[in-house]
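Subject: Structure for you, with notes

Hello,

Here is the structure I promised to pass on. Please open it alongside this email.

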Amino acid sequence: MSDELNLPVGKVLIDGVWSDPSSGEVITVLNPSDGGDYASIARGTAEDIDTAVASSRAAADGAWGAMPAFERGRLMHDLNRLILEHVDELGLMEARDVGKPLRQARADAVACARYFEFYAGAADKLHGETIPYLDGYSVMTFREPHGVTGHVIPWNYPMQILGRSVGAALATGNACVLKPAEDAGLTSLAIGELARQVGFPPGAFNIVPGYGEEAGSALSAHPGIDHISFTGSPEVGTLIQKAAAEFRRPVTLELGGKSPQVVFADADLDKALPFLSQGFVQNAGQTCSAGSRLLVEDSAYDQVTEMVAEKVSAMTVGPAERDMDCGPVINKQQFERVNSYLELAARDGLTTIGQAKLAANAPSEGYYVPPTVIGDVPADHRLAQEEIFGPVLSCIRFRDEEDAVRIANGTPFGLTAGIWTDDVGKAMRLAKRVKAGQVFINNYGAGGGVELPFGGMKGSGFGREKGFEALHGFTATKTVAIKHD
Ligand code: TAP
């Protein structure tokens, strides 16, 4: 681990102090670019979660809870600056931990800082309202923090997801307990250390790394948690929601997608091409909002898919630190899972129309899946329905606007959608009819914008993170009515 950050190995961060987990054990972390051991993190347990929740409760009821909002904002501004000072170091750490090309890993560190900057500025700008009511009453609302919030985050964008979830929770005065993914916990720990250095009060931000079924499950089932936010698989999302139901706690769930990019024949294809070909490759396709279904109007289908296939075939997949178009997937399980979809495509007679190359001298133990474009996938095929979470693009034809809406909405998911057309009316009709939490017209992703509310419809989950709206999710409204004749 990093010398400059001086991170201790195999510890939990509770109450502002690095300490041994109660298991006394560590989990070995692999570098997916070469399959070799890279670092180790603590195997946190239910006992550590208990300690962390108690520490956060004391912070919420004590120094952190009593801190004026503008001072919370100042601390978060300080954290933003410190993260920016460590972008290279955090980027390298993430590239090794997640297998993300260096450029993308650094961009994640910058985005994480930006979340803290955005929410620092928002901390003292969230306020209640006064409500006109009956004569003789004055009514006002307060937006109060939940208290102690739990955060279970995945391995695909650790820094960004930490920033958007913990950032919004801290800004509103909650004390946080974070359980990062066992495969990619290092940058979370590094940001915890930076938060410690800028002087967050003990317990405001505790981190317990460990296994999902151990530390994660203990956190989500803990009676001392007042809200839990989770990003990850639908299966674990269901477990989290069930655990929260036991104590009737609010939950935010972000569970991935199978997002369509809908291309009409009148679209500006030169502008669309980089987004269509990159939208499913970024982070080796392990992106909840990946544009992994390419829906193209019949008359333009051959031209668009040929252009995308050609672009993808010119890409190279290779080690994260060599900063190529695409890095490895996170681990062996994910490697096998993504390849099983490619095998399924071949078995069902689907055609690969474009595929990236493997870099020369890429370590044979690395988990490399070349970005792949599959042509004429039936809309109800598993490749067009299931979240593969790898760099695989399923191309699908549609007849007209009605058909496009039907196919776009025809999966269990509803996270994001892209619409490409020169016809504003058509674009807006579609934007209104597509079931998705974010819709992009003639772009895809809008540059990531921390300001833009993000979250799912249907099976993609509920609740919104990012933007000012996330602050509502991390607070509860209290109404106070005064009777005064
Ligand atoms: P999950 O198993 O859902 O992991 C996400 C987080 O939940 C991790 O911190 C994980 O810890 C934790 N977790 C696992 N089991 C838990 C439990 N029983 N109770 C509480 N927390 C638990 O996802 P994954 O294993 O990382 O990936 C599996 C699949 O999920 C992927 O193939 C992909 O399809 C999907 N996925 C989606 C997203 C997004 S953004 N939608 C992100 C990642 C993965 P451990 O890492 O220690 O298990």
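This is a predicted model: local features need pLDDT of at least 70, side-chain atom pairs count only at pLDDT 80 or more; totals for chains, interfaces and linings use all residues.

**The ligand and its shell**

The ligand is surrounded by 29 residues. I153, W155, K179, E182 and S233 are the closest. By type, the shell has 14 nonpolar residues, 10 polar ones and five charged ones.

Where do these residues come from? Domain 1 (12-255 + 463-480) and domain 2 (260-449) each give the shell at least three residues. Four helices and strands each supply at least two: α8 (212-220), β10 (227-231), α9 (234-246) and α12 (332-347).

- G212 uses its backbone: an N or O atom lies 2.9 Å from an oxygen of the ligand.
- G210 also uses its backbone: a polar atom there is 3.4 Å from a ligand oxygen.

How much of the ligand does the protein cover? On its own, the ligand has 860 Å² of accessible area, and the protein covers 88% of that.

**Aromatic pairs**

The structure has eight aromatic pairs. Two of them follow.

W155 pairs with F389. The geometry is edge-to-face, with 5.5 Å between centres and 75 degrees between the planes. This pair ties together distant parts of the chain, 234 residues apart. W155 is in the loop between β7 (148-152) and α6 (158-171). F389 is in the loop between α13 (382-385) and β18 (392-398). Both W155 and F389 are buried. Recall that W155 is also among the residues closest to the ligand.

F440 and Y444 make another edge-to-face pair. F440 is buried, and so is Y444.

**K483**

Now for a residue in strand β22 (residues 475-483): K483. Is K483 buried, exposed or partly exposed? K483 counts as partly exposed because its relative accessible area is 49%, and that class runs between 20% and 50%.

One distance to check here: K483 and G455 are 28 residues apart along the chain, and their C-alpha atoms are separated by 40 Å.

Then turn to W155 and its ring partner F389.

Best wishes

Key: Residues are numbered from 1 along each chain as its sequence is written. Side-chain values use heavy atoms; hydrogens and water are left out. A residue is near a molecule or strand if one of its heavy atoms lies within 4 Å of it. A polar contact is a pair of N or O atoms within 3.5 Å; within protein, one must be able to donate a hydrogen and the other to accept it, and residues adjacent in sequence count only if both atoms are side-chain atoms. Accessible areas come from the Shrake-Rupley method with a 1.4 Å probe; for residues, only the protein chains shown count as cover. Ala, Val, Leu, Ile, Met, Phe, Trp, Tyr, Cys and Pro count as nonpolar, Asp, Glu, Lys and Arg as charged, and the others, Gly among them, as polar. Domain bounds come from an automatic or database domain assignment. Rings of Phe, Tyr and Trp (its six-membered ring) pair if their centres lie within 6.5 Å; planes under 30 degrees apart count as stacked, over 60 as edge-to-face and the rest as tilted. Buried means under 20% relative accessible area, exposed over 50%, partly exposed in between (1.4 Å probe, protein chains only).
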